[in-house]
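Here is a short tour of the model shown below. Keep the structure open as you read, and follow along residue by residue.

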Amino acid sequence: VGVLGAALSSAASLSTRADLSTRYSLAVAQTLLKAPAGVATAILGLLILNSGFVPGMSGLGSQPAILVWAMVFGYGQQIVTRFVDQRADTLLTAASPLTPSGRGTRTA
């Protein structure tokens, strides 16, 4: 279920991504990173909720509650992988031939 949450977040991330004029793409690598990150955050989040570490959060009494929380934590991996997304965007912008800094452009 954490993978499903990660897939939803990946789809949302891909739909808002700006197209750059470069032949390189890191979207596949970023999406492949989000699936295991979604599983890890779902498992870690469920373990934290079940341990009683968070006061007042003892909502893991039923299977639907567990599935909902796993989906929420799987989607929450976006917080964890945001740094990777920002770094990938920075690298792709630097590799673009139309960068404002002038790097990568041809001069006549």
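V3 lies in helix α1 (residues 2–15), where helices are DSSP runs of H or I with at least four residues, strands are runs of E with at least two, and both are numbered from the N terminus. Because its relative accessibility is 40%, V3 counts as partly exposed; buried means under 20% relative accessible area, exposed over 50%, and partly exposed in between, with a 1.4 Å probe and protein chains only.

Helix α2 (residues 27–51) gives the patch its largest share, three residues.

## How the model was read

This is a predicted model, in which local features need pLDDT of at least 70 and side-chain atom pairs count only at pLDDT 80 or more, while totals for chains, interfaces and linings use all residues. Residues are numbered from 1 along each chain as its sequence is written, and side-chain values use heavy atoms, leaving out hydrogens and water.

## The chain as a whole

The chain has four helices and zero strands, giving the pattern α-α-α-α along the sequence. Of its 108 residues, 27% are buried. Among contacts (heavy atoms within 4.5 Å) with a separation of 6 or more, 76% link residues 24 or more positions apart.

## A buried glycine

Now look at G38, also in helix α2. Is G38 buried or exposed? It counts as buried, because its relative accessibility is 0%.

The C-alpha atoms of G38 and A6 are 4.9 Å apart, although 32 residues separate them along the chain. Beyond its neighbours within four places in sequence, G38 is in contact with G2, A6, G74 and Q77.

## Helix α4

Helix α4 (residues 77–95) has 19 residues and spans 27 Å from first C-alpha to last, close to the 27 Å expected at 1.5 Å a residue; that expectation is 1.5 Å times one less than the number of residues. At F83, α4 bends by about 35°, the angle between axes fitted to the seven residues ending there and the seven starting there. The buried residues of α4 are Q77, Q78, T81, D85, A88 and L92.
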